[in-house]
Amino acid sequence: MHFAPLFALFAQLAAVVFVEALPVTLPELKAADILALKPYARLAAITYCPINQIKQWTCAKCKDEPFDLIASGGNGATVQNWFVGWDKSLKKLIVAYEGTVPTAPASVITDLKFTPKPLRRDLFPDAPADAMTHNGFGDAHAASAKDVLRAVKAGMGKYKTKSVTVVGHSLGAGIAIIESGQLAAQIPGAKIETIAFSSPRVGNPAFAKYVSSRAKITRINNMSDPVPELPGRTLLKSPNNFVHAGQEIHVTSEGKYVKCPTESENPQCTNGYLITMTDLESLKSFQELFAHPKKLWNPLQHQGPFADISIFC
Ligand SMILES: *[C@@H]1O[C@H](CO)[C@@H](O)[C@H](O)[C@H]1NC(C)=O
């Protein structure tokens, strides 16, 4: 009997098939699915408007998004702008958060404090003790958490819905992901959907697991935008290392949106396309950087456009 060599042969064949099978062609979003992202991109963009324009719904992009505002707040500086209301064309209750200063998103995110911090008991009564967020993101979320929760509860009553959609871009996407966990923790039976454009990594694996099991999170990243690669995965040691939560959609070229398999950190989407922090650490020279098979960072791609909507007021 020659099982052992046969087995080895099979193993080799399997390895060949596996290698040949990579990169797997990922499914692409159809034109209608891309178009469906448009209102969310517009809402994320509107968060960057001066708060008075949001309160009166008078901004340029506001006109294309009929909306009943329930509450809004923030000051665009120490507290990110936010608003809650009913989107009349989507027929959905929306929570939206403003992101970072558009001109220097990467620097703002890397300047935030990296100390991991457990979720606050008063905001997340059901969170496991080992679920951590980057304390800059956690604090940015906590700054408006109680006001937003009050507005969401009012909206659920007024529009008789259990569904809430949380949107944001950049730091605002990070806050949206944290808020998704909070809404699920505070409102039993709530159905939470999260649309996060250009989100940085928000927390550790226990946080990602916690929030992914409570909300349907979709992250949409444009081409070589570096923000989804920040903070780097190896910056902090396990179990406090940063990882993404939810499903990624990556824009790989003009108008081409690919859907990643559902794991939070898939090697095929942004991780396989863009030079990662780990790739940078293993470089020996600048020549290697410029000859790298993966793409260089391009912060200009942080604002999209997504579905033709550029993410600024
Ligand atoms: C992504 O970024 C590039 C470069 O800024 C831009 O041309 C493109 O329109 C963006 N979005 C999409 C959906 O391709």
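Trainee: In which sense do strand E9 and E10 pair, and over how many bridges?
Mentor: This is a predicted model. In it, E9 (residues 247-253) and E10 pair in the antiparallel sense, over four bridges.

Trainee: Which residues in E10 are the bridge partners of His250 and Ser253?
Mentor: His250 has Val258 as its partner, and Ser253 has Lys256. E9 and E10 form a hairpin with two residues between them. Gly255, in the turn, has a positive phi of about 75°.

Trainee: What makes E10 an edge strand?
Mentor: Begin with the sheet: an open one of eight strands, with mixed pairing and the order E1-E2-E3-E6-E7-E8-E9-E10. E10 (256-259) pairs on one side only, and so does the other edge strand, E1 (67-73). Neighbouring strands of this sheet are turned by 20° against each other on average, direction ignored.

Trainee: Why is E8 called largely enclosed?
Mentor: Because six of its eight residues are buried. Buried means that 20 or more other C-beta atoms lie within 10 Å of the residue's own. E8 also runs parallel to E7, joined to it by six bridges. Within that pair, Ile192 stands opposite Ala215 in E8.

Trainee: What do the buried residues of helix H9 pack against?
Mentor: They pack against strand E5 (132-134), helix H8 (171-186) and strand E8 (215-222). The buried residues of H9 (residues 205-212) are Phe207, Ala208, Tyr210, Val211 and Ser212. H8 itself lies across E3, E6, E7 and E8, running at about 160° to E6.

Trainee: Why is Met223 counted as partly exposed?
Mentor: Met223 has 19 C-beta neighbours inside 10 Å. Buried needs 20 or more and exposed 12 or fewer, so 19 falls in between. Met223 sits in the loop between E8 and E9, and its phi is positive, near 40°, although it is a residue other than glycine.

Trainee: How do you know that Trp57 and Asp33 are partly exposed?
Mentor: By the cut-offs just used: Trp57 has 18 C-beta neighbours inside 10 Å, so it counts as partly exposed. Asp33 has 13 other C-beta atoms within 10 Å, so it is partly exposed too. Trp57 lies in the loop between helix H4 (51-56) and E1, and Asp33 is in helix H2 (residues 31-36).

Trainee: Which residues are around the ligand?
Mentor: Among them are Asn222, Met223, Glu254, Gly255 and Phe306. By class, the shell has five nonpolar, four polar and one charged residues.

Trainee: What is the omega of the cis peptide bond joining Leu230 and Pro231?
Mentor: Omega is about -20° there. The bond from Ser238 to Pro239 is cis as well, with omega near 10°.

Definitions and conventions. Residues are numbered from 1 along each chain as its sequence is written. This is a predicted model: local features need pLDDT of at least 70, side-chain atom pairs count only at pLDDT 80 or more; totals for chains, interfaces and linings use all residues. A residue is near a molecule or strand if its C-beta atom, placed from the backbone, lies within 6 Å of it. Ala, Val, Leu, Ile, Met, Phe, Trp, Tyr, Cys and Pro count as nonpolar, Asp, Glu, Lys and Arg as charged, and the others, Gly among them, as polar. Two residues are in contact if their C-beta atoms, placed from the backbone, lie within 7 Å. Two strands pair if DSSP finds at least two bridges between them. Axes are lines fitted to C-alpha atoms, for helices over the stretch in contact, and angles run from 0 to 180 degrees between N-to-C directions.
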